[in-house]
Amino acid sequence: MKLYFYRAKAPNFGDELNLTMWQHFLPPDFFDDNETEMFLGIGSILFDRFPQTVRKLVVGSGYGAYTPPPNIKDGSWEILFVRGPRTAEALGIDPKLAIADAAILLRETPLPAPKDGVGVAFMPHFDSIERGNWAEVCDLAGVTFLDPTGDVDDLIATIRGARVVITEAMHGAIVSDALRTPWIGMRPIAAAHRFKWNDWAEALGIELRHNTLPASNLREAWAGLTGLDARGQRTRVLLDGPLGKPGNWAVKHRAARQLQALAEVEPQLSGDAEIERATERAQEAIAAYLKKQAKARPVSTKSV
């Protein structure tokens, strides 16, 4: 069975968790390069583009509304659990399968020690890394910058050591919540990334409070106003070039002040009972699947 997860030009924190987390819950030889069987774990990866000839095993994935919902009744899907009730509704499956995002299982794995001296930390969505200027904004604000394209263990250690995590990235919130670090959710600048936040939050009984994310430069402000990225050469020269320098300076410093103010907003955290229950149910679903597979495996016989 082949592990499938989303990867763009740069790695992304939530997706990269797939590479290290599953070894703690699955047999050593579980994954191989057999692409006729796909393991769908952490991520908004329930797309409609998987061929029917491929068997899909869903373990805590979510529907992100990036494509139409897949036809999970075509005989090629097996669903252990999904991220939340909105995914269950979109797929037309039993609401009881809406347990949690699979990253909740980090709670049951060995973790790097908390990093010292973190204080307040901020993680942008990985799309905002390319168009935004968040490393400089965080430096101005005295906030620890969590680069979602960075090393997974280092990010986990920093999240564990933070007083609070401000995050535009959904898995910044999911991992913070799982590891019991209070978090402040920011509404993603790109509207396409908002559906999945509510899906995850509702599974854990969280009444999501989304704060407005300030723009970190003119290009990001343009994206927030128009819903479009500034990709045209003329627009890029205007926003990123010398003509945009005074405006970018002002927007950057305004964002730093707003980030400092956001650090004083009341953070969120799911209830202890809810996250314990979801973690247990996710583990039980995986254990039941592995037990079923072991029973179905043919017993080898040796001729005498």
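Arg180 sits in the loop between H7 and S8, where helices (H or I, at least four residues) and strands (E, at least two) are DSSP runs numbered from the N terminus. This is a predicted model, so local features need pLDDT of at least 70 and side-chain atom pairs count only at pLDDT 80 or more, while totals for chains, interfaces and linings use all residues. Residues are numbered from 1 along each chain as its sequence is written, and side-chain values use heavy atoms, with hydrogens and water left out.

As background, most residues other than glycine have a negative phi. With a relative accessible area of 25%, Arg180 counts as partly exposed; buried means under 20% relative accessible area, exposed over 50%, and partly exposed in between (1.4 Å probe, protein chains only).

Ala65 also has a positive phi, about 65 degrees, although it is not a glycine. You'll find Ala65 in the loop between strand S3 (55-61) and strand S4 (77-82).

| Residue | Where | Relative accessible area |
|---|---|---|
| Ala65 | loop between S3 and S4 | 43% |
| Glu136 | helix H5 (residues 134-141) | 41% |
| Arg180 | loop between H7 and S8 | 25% |

Glu136 has one more spacing to look at: Glu136 and Lys115 are 21 residues apart in sequence and 21 Å apart in space, C-alpha to C-alpha.

**The sheet**

Now for the strands. Five of them form an open sheet in the order S6-S5-S7-S8-S9, with parallel pairing; two strands pair if DSSP finds at least two bridges between them. Strand S6 (144-145) and strand S9 (211-212) stand at the edges with a single partner strand each, so one side of each has no neighbour in the sheet.

Which strand is largely enclosed by the rest of the structure? That's S7 (residues 162-167), because five of its six residues are buried. Strand S5 (residues 119-123) runs parallel to S7 and is joined to it by five bridges, with Val120 opposite Val164 in S7. S7 also pairs with strand S8 (residues 183-187) in the parallel sense, over three bridges, and here Val165 stands opposite Trp183 in S8. To get from S7 to S8 the chain passes through H7, and this β-α-β crossover is right-handed; that is, with the strands pointing away from the viewer, the path from the first strand over the helix to the second runs clockwise.

Further along, S8 and S9 run parallel and are joined by two bridges. Met186 has Asn211 as its bridge partner in S9.

In helix H8 (residues 195-203), the buried residues include Lys196, Trp197, Asp199, Trp200 and Ala201. What covers them? The cover includes helix H3 (85-91), S7, H7 and S8, with contact meaning heavy atoms within 4.5 Å.

Trp200 turns up again in the lining of the largest cavity, along with Ile104, Ile174, Asp177, Ala178, Leu204 and Ile275. On a 1 Å grid over the protein atoms alone, a cavity is a set of points where a 1.4 Å probe fits but cannot get out, a pocket is an open set with protein on both sides within 12 Å along at least five of seven lines, and lining residues have an atom within 4 Å of a point. Grid points are joined across faces, edges and corners, and a volume is the space filled by probe spheres set on the points.

A search of the whole structure finds one cavity of 30 Å³ or more, and the largest cavity has a volume of about 30 Å³. H7 gives the most to its lining, with three residues. By class, that lining has six nonpolar, no polar and one charged residues; Ala, Val, Leu, Ile, Met, Phe, Trp, Tyr, Cys and Pro count as nonpolar, Asp, Glu, Lys and Arg as charged, and the others, Gly among them, as polar.

**The second largest pocket**

How much space lies in the second largest pocket? About 360 Å³. The pocket is lined by 19 residues, and the closest to its centre are Tyr6, Tyr66, His125, Phe126 and Lys196. Helix H1 (13-16), helix H4 (126-131) and helix H7 (170-178) are the elements that give two or more residues to this lining, and H1 gives the most, with three. By class, the lining has nine nonpolar, seven polar and three charged residues.
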